[in-house]
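Grab a viewer and let's work through a couple of exercises on one model. Try each task yourself before reading the solution.

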Amino acid sequence: MRKDELLNKWIKDELTAEELKAFQQRDDYNLHASIKENLNQFKAPEIGKIRGVSEVYEKFNKGTKSIQEPNNKNEVRTWLSVAATVIVLLGISLYLFLSTTPTTIKTIAGEKNTISLPDSSVVVLNAKSKLSFTKNEWLQKRQVFLEGEAYFKVSKGSTFDVTTNNHTITVVGTEFNVKERNDFFEVKCFEGKVKVQLGNNARLLTAGTSIKVYHRQMKLSDIHEDQPGWIGDTSNFKSVPLIEVLEELERQYSIKIITKSVKTDQLFTGGFIHKNLDSALKSITLPLDLNYTIVSTSKVNIFPKK
Amino acid sequence: MPKKIQENVCDKRMFSLIYKKYSQEVYNFLYYRYGESLNPADRMQDAFVKLLSNCKKVAPEKAKAFLLSVAKNMVLNEVKHQKVVWKHQNQKPKNYTHESPEFELEQKEFLEGYEKALGKLTEDQRVSFLLNKLEGKKHAEIAELLGVTRKAVENRIYKAYKILQNELEGFKLQK
């Protein structure tokens, strides 16, 4: 599209005095001036006078089951006091028990979502993932179903189960990351203890360790972060098959990657950021002697460097 | 390792401050993007409710980015079925004190045409255009907000202008 350069400059308020004079001589000048002048008719009203912060608290209290407003005291870890939460939950509503349908939260490519569970446990859901749980069963049994990847901060209390398509993970008050994508399964334990059920065997992970299963091969390793990179908008990989790295890239940027003559089974160690596609692609292709072209906003080709 | 922050978002005073500071900006973003019919005031407060729910996980200096990210990602299913509705504020232009009835009528028709034209812009064109022209936001700031390049924002604003020019060409205007 050939741009009307003079108009473009006028829009940006970048006209010199002479250019402005020339612009004002144009036939369409009146129209543009009217558009500009009448713009303030559409200014957003002042919202502070109409909606106050107390309404936010009202909505919040209605939505979550807490009847306490956040207080000024230093919170050490109030979400650990499950006893108080349970009393509140029981007292709050019979309406909870009327709903038996599970709560499901889904994320799309490039999206992350933070979810509060009825016991104040927190789940951060990574892109293209799904979390399900049933609210009214929560007091008897804490159990969620996960597809994809999520980071959990579980409040102390009864056992907490995370069930994926192929595995079950049991915890009691810890912080950990669960990832199951196609044939790749990984659990990282950041705090506390996590029990991972693999077929007939169970593995106990302590803080700072992770377990990885790919193509039915299992590997235990140490981790040095205190939370997964993707929460801070980077993805980090340690000896992870390239196919999984590329799939995560597809999920974060909502694109499709097509590889030509690339060994997608090779292991990759490194990371990429979630905010700049070029930088992310470079981080992956350069160490592996690959090259890429961005064909469109939703398609990227990756191929070997000649 | 949890950081011991002296003031965190859960603190009522801090949260009220954050609300005071950013409620208008979040509201503006939603208002300009989706128009009035989708109740931007409620959606703005929904964003703050989400911040309150996550107050332990968001540092005060990250609150603004969090709120705008929530606003940006709001999946408003109603958008697909409803047309964006715009209303002008019915403010009299400063320069004029007496107007002829003809002028008043033409002005009214022009503004109604303007409303419709704004409704025809894409969300991104409209929000870029209005944030830049009405709220004085720089291209770079809008680019970061929407997750696109600065050039993309400039192009959207230009396109918005061209569409408005197209739609409003036929109206009689008096200067």
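Below are two exercises on this predicted model, each with a worked solution.

**Exercise 1.** Work out which residues of helix α6 of chain B are buried, and what they pack against.

*Solution.* 
- Start with the helix itself: α6 of chain B covers residues 123-133.
- Next, apply the burial cut-off, which is under 20% relative accessible area. In α6(B), the residues that pass are B:Q125, B:R126, B:V127, B:S128, B:F129, B:L130, B:L131 and B:N132.
- That makes 8 of the 11 residues buried, so α6 of chain B is largely enclosed by the rest of the structure.
- Finally, look for the neighbours within chain B: the buried residues of α6(B) pack against α1 (12-34), α5 (101-120), α7 (139-146) and α8 (150-168).

**Exercise 2.** Describe how chain B meets chain A, going from contacts and area to polar pairing and composition.

*Solution.* 
- Count the contacts: 55 residues of chain A touch 60 residues of chain B.
- Now the area: about 5200 Å² is buried between the two chains, and carbon and sulfur atoms give 60% of that.
- On to charges: there are 5 salt bridges between chain B and chain A. One of them pairs A:K59 with B:D46, with 3.2 Å between the closest N and O atoms.
- Which helices take part? On the side of chain B that touches chain A, α1, α2 (40-53), α5, α6 and α8 each supply at least two residues.
- Last, sort that side of chain B by class: 27 nonpolar, 17 polar and 16 charged residues.

Conventions: Residues are numbered from 1 along each chain as its sequence is written. Chains are lettered from A and ligands numbered from 1 in the order in which they are written. This is a predicted model: local features need pLDDT of at least 70, side-chain atom pairs count only at pLDDT 80 or more; totals for chains, interfaces and linings use all residues. Side-chain values use heavy atoms; hydrogens and water are left out. Buried means under 20% relative accessible area, exposed over 50%, partly exposed in between (1.4 Å probe, protein chains only). Helices (H or I, at least four residues) and strands (E, at least two) are DSSP runs, numbered from the N terminus. Contact means heavy atoms within 4.5 Å. Buried area is the accessible area (1.4 Å probe) that two parts lose on being put together, summed over both. A salt bridge is a side-chain nitrogen of Lys or Arg within 4 Å of a carboxyl oxygen of Asp or Glu. A polar contact is a pair of N or O atoms within 3.5 Å; within protein, one must be able to donate a hydrogen and the other to accept it, and residues adjacent in sequence count only if both atoms are side-chain atoms. Ala, Val, Leu, Ile, Met, Phe, Trp, Tyr, Cys and Pro count as nonpolar, Asp, Glu, Lys and Arg as charged, and the others, Gly among them, as polar.
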